[in-house]
Amino acid sequence: MTERILIVDDSAGTRDALTGILEDEGYEVAAVGTAAEARDQWRIRSYDLVFLDLMLPDADGMELLDEALSDFVDLPIIVVSGHGNVDLAVKATRLGAYDFLEKPLALERVMLTVHNALDRRRMRREIEQLSHHLYPTELIGDSPAMRRLKSELERAGPSDSRILLMGENGTGKELAARRAHQLSARTHAPFVDVNCAAIPEELIESELFGHRKGAFTGATSDRTGRFQQADRGTLFLDEVGDMSLKTQAKVLRALQEQRFERVGGSDPIQVDVRVIAATNKDLEEEIQEGRFREDLYFRLAVIPIEIPPLRERREDVPRLVEHFAAAYAREQGRRPKTFAEEAMARLQSYAWPGNVRELRNFVERMMIMAPGHEITVRDLPAPIRNADGPPLDELLDIEYADLRAARAAFEKRFIERRLAEQGGNVSRTAEVLGLERSHLYRKIKAYDIDIPR
Ligand SMILES: Nc1ncnc2c1ncn2[C@@H]1O[C@H](COP(=O)(O)OP(=O)(O)OP(=O)(O)O)[C@@H](O)[C@H]1O
Ligand SMILES: [Mg+2]
């Protein structure tokens with residue numbers, strides 16, 4: 001990532017000298033001579049470091065410094081002062097400038113200050129990244145569907161192409177987006193997410209593109225939009241199917257041109273942003289209904305990736321349960337509770353309409369609420385205890401050696417299910433099944449069925 005430096009100094013000599021040495025070091029440099037130009041520059045571009053001369057022809061340098069410090073988080077500003085105004089420079093560092101340099105500028109001193117300032121900025125960004133990564137981006141699951149998803153992300157993540165993630169609520173779209181960002185060259189730049197469904201229609205443009213002071217009632221100061229915050233990083237447009245057609249048109253334009261204007265502003269702002277979008281809607285259907293722009297769809301779905309619902313990858317349930325139980329236990333400093341085999345089988349039978357998010361919340365609840373160390377069928381809430389399991393055709397997909405093996409597999413599951421429903425009471429189960437108690441007992445032995453307590 002090439003770092004960008006802005007030089008604000010009314011002396012052409014200083015501008016040229018600084019530009020020369022900084023460009024030689026491989027930085028991208030812009031140089032301007034007035035406060036007005038400086039404001040224009042940082043409105044349209046984000047900088048990693050600014051050199052600021054406090055004696056400018058059109059403004060008080062202190063005021064400009066103050067503006068920059070309040071507008072940008074962690075932007076190092078190096079004040080350049082001439083002879084005789086060192087006092088002012090000292091005052092500037094007290095205000096929050098990173099450091100000051102006296103003219104004439106000594107090359108080595110300039111470079112040392114620049115390196116230190118950028119190192120500190122990089123470190124701060126990394127710390128922020130790390131705290132982001134505190135919620136890890138590892139995708140748990142070994143089902144064929146999950147393995148496919150992981151390998152798609154391994155390929156699409158580093159590509160810098162736009163990705164559209166499609167899946168029901170709670171399937172892991174945001175997690176997949178973070179993973180793709182982490183795998184990309186943009187990993188040290190920000191991952192900025194916008195939930196298009198959560199922002200009121202009147203505010204979404206300002207949220208995405210920012211606004212100028214006075215653009216509308218309530219716009220009491222300039223504001224940077226999400227697109228600009230994500231410059232050189234990734235913008236995660238969540239619930240993209242919920243944008244109005246008007247907003248869609250603006251987003252489309254921003255994507256086509258990689259630039260846009262703030263609400264109430266006219267200077268074009270240039271950004272380098274990778275967009276990853278997500279939706280739980282069927283966008284093709286939305287297009288049919290005239291609610292989603294087809295051209296935007298094609299822009300977003302350069303690489304479409306589908307995340308299947310949990311009920312279509314039930315094999316993943318046990319590992320996810322263990323993962324969430326262990327994570328919760330670690331957080332709380334306790335021993336994780338475990339699920340008895342039959343209870344786990346029920347979790348696999350349940351359809352999880354809220355997908356992984358629902359499973360995660362459920363596991364956390366059980367860790368808190370279940371009385372013992374082992375969670376049994378009886379501890380499960382009714383909808384899960386009585387879950388029907390996969391539809392018949394899924395049972396048919398399993399490869400059996402012959403009819404006998406298929407019948408045995410079915411019989412075993414059927415008995416397990418009924419036994420669990422009767423809370424492990426063999427006599428009552430025998431009655432329900434229309435079998436002699438001793439006959440059922442022999443089958444339980446033969447199939448090695450655990451009687452739930
Ligand atoms: N494969 C997985 N491995 C581990 N954790 C997962 C996995 N999939 C989802 N999760 C976890 O489940 C929760 C829901 O995932 P996420 O927020 O990414 O889903 P989403 O599709 O964005 O959901 P929504 O549509 O509700 O916004 C998160 O806590 C996430 O960390
Ligand atoms: Mg989400």
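Okay, let's start with α13: this helix gives the largest share of the lining of the largest pocket, seven residues. Helices here are DSSP runs (H or I, at least four residues), numbered from the N terminus.

Before going on, a caveat: this is a predicted model, so to speak of local features we need pLDDT of at least 70, side-chain atom pairs count only at pLDDT 80 or more, and totals for linings use all residues. Residues are numbered from 1 along each chain, ligands are numbered from 1 in the order written, and side-chain values use heavy atoms, with hydrogens and water left out.

Back to the pocket, which holds about 980 Å³ of space. By pocket I mean an open set of points on a 1 Å grid over the protein atoms alone, where a 1.4 Å probe fits, with protein on both sides within 12 Å along at least five of seven lines; lining residues have an atom within 4 Å of a point. The volume is the space filled by probe spheres set on those points.

There are 31 lining residues, and G172, L175, F324, V356 and R360 are the closest to the centre. Besides α13 (317-332), the elements giving two or more residues are α6 (144-156), α7 (173-182) and α15 (355-369).

Now ligand 1. It has 17 residues around it, with I140, G170, K173, R357 and R360 coming nearest; around means a heavy atom within 4 Å. For polar contacts (N or O pairs within 3.5 Å), a side-chain N or O of R360 sits 2.5 Å from a ligand 1 oxygen. Backbone N or O atoms do it too: E174 at 3.1 Å from a ligand 1 oxygen, and T171 at 3.3 Å from one.

How values were computed
Polar contact = N/O pair within 3.5 Å; in protein donor to acceptor, adjacent residues only side chain to side chain.
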